Amino acid sequence: MERLKIIECPRDAMQGINEFIPTEKKIAYLNKLLETGFDTLDFGSFVSPKAVPQMRDTAEVLAGLDLTKTKTKLLAIVANLRGAKEASEFEQISYLGYPMSVSETFQYKNTNKTIVQSLEELVEISNLCQSSGKELVVYISMGFGNPYGDQYSPAIVAQFVDILISLGVSVISLADTAGMAGTEQVVDLFNSVKTVSEQVEWGVHLHASPDQASEKIKAAISAGCQRIDGAVLGYGGCPMADNELVGNINTRIILEVAEDLGIATGIDMEKFNEAEQMAASIF
């Protein structure tokens with residue numbers, strides 16, 4: 001691999017914080033991240049403000065972002081067609097991200113819909129993306145297992161992948177929502193789903209404790225992962241998971257692993273260090 005796409009996820013880092021972070025503070029932090037050289041910034045979400053109050057100012061934040069000197073693309077998370085329609089109206093947004101869970105329990109917690117209902121809505125969201133020039137990124141939530149006792153296997157994940165490909169989805173991220181995956185499982189799952197299609201851009205959204213992070217990242221890269229989600233200082237986690245949260249992968253650890261493996265990331269480390277300092281004051 002010559003280059004690894006780093007997807008920075010301040011949205012995921014912020015969304016579970018109860019105290020509202022002032023819009024101006026979010027804008028300043030995101031603008032610093034835009035200077036850093038990330039491939040993509042998962043910057044906000046168009047979801048119900050009742051469900052995720054922290055993200056209620058996403059449109060205002062977007063209006064304050066300086067995109068004139070950055071190649072970083074913007075990704076917004078949506079949980080239904082209404083949110084996708086709202087997000088698609090913004091020319092600045094390149095990607096719409098949709099969480100599609102293989103766990104029935106978590107899908108309902110996260111989007112208030114069953115898996116079948118979510119797949120039906122995903123068809124409409126996919127059509128909207130194609131007509132509005134947006135690229136759809138689907139996160140396979142609870143992709144490495146779930147804490148609810150719902151049925152799970154790599155074969156089930158592969159079936160979901162097959163459905164997503166039939167909808168024209170070309171970017172799929174395997175999400176370890178509850179931080180349950182071991183390194184061997186990461187490799188095995190990637191090998192399992194990659195047999196479905198080699199045309200997909202494969203990503204991973206891992207949650208891990210700091211002592212587990214490096215090995216999980218190495219496992220994903222060795223298995224053919226092309227894009228990895230991270231969050232500065234390892235903050236965040238899904239507030240809908242309803243279990244003890246394991247933080248996001250610390251972006252610095254991803255960068256250190258990539259450097260050790262001789263893989264380019266395009267990150268300006270001076271700007272990244274400045275972003276880390278800002279993050280410490282926000283979180």
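How do the residues of the lining of the largest cavity divide into nonpolar, polar and charged? Keep that in mind while making the selections below; the model on screen is predicted.

**Stop 1: the cavity**

Select M14, K26, L30, F43, G44, M55, D57, T58 and V61, which line the largest cavity. By class this lining has five nonpolar, two polar and two charged residues. The space inside comes to about 50 Å³. A search of the whole structure finds one cavity of 30 Å³ or more.

Now show the secondary structure around these residues. At least two lining residues come from each of α2 (23-34), β2 (40-46) and α3 (58-63). Keep α2 displayed for the next stop.

**Stop 2: α2 against α11**

The axes of α2 and α11 lie 9 Å apart, and the packing angle is about 160 degrees. Angles over 145 degrees count as roughly antiparallel, and α2 and α11 are therefore roughly antiparallel to each other. Their crossing is left-handed.

For the side of α2 in this contact, pick K25, A28, Y29, K32 and L33; for α11, pick K271, E274, A275, M278, A279, S281 and I282. Coloured by class, the contact of α2 with α11 shows seven nonpolar, one polar and four charged residues.

**Stop 3: α11 against α10**

On α10, select T251, R252 and L255; they meet M269, F272, N273 and E276 in α11. This contact divides into three nonpolar, two polar and two charged residues.

**Stop 4: α4 against α6**

Clear the selection and display helix α4 (residues 81-88) with helix α6 (residues 115-132). Here the axes come within 9 Å and cross at roughly 10 degrees. α4 and α6 are therefore roughly parallel to each other.

Which residues of α4 meet α6? Select L81, A84, K85 and S88 in α4, then E121, E124, I125, L128 and S132 in α6. By class, the contact of α4 with α6 has four nonpolar, two polar and three charged residues.

Technical notes:
Residues numbered from 1 in each chain as written. Predicted model: local features only at pLDDT ≥ 70, side-chain atom pairs only at ≥ 80, totals over all residues. Heavy atoms only, no water. Contact = heavy atoms within 4.5 Å. Helix = DSSP H or I, 4+ residues; strand = E, 2+ residues; numbered from the N terminus. Nonpolar A, V, L, I, M, F, W, Y, C, P; charged D, E, K, R; others polar. 1 Å grid on protein atoms, 1.4 Å probe; cavity = no way out; pocket = protein on both sides within 12 Å on 5 of 7 lines; lining within 4 Å. Points joined across faces, edges and corners; volume = space filled by probe spheres on them. Axes fitted to C-alpha atoms, helices over the stretch in contact; angles between N-to-C directions. Parallel < 35°, antiparallel > 145°, perpendicular 65-115°, else oblique. Left-handed = near helix turned anticlockwise from the far one by under 90°.
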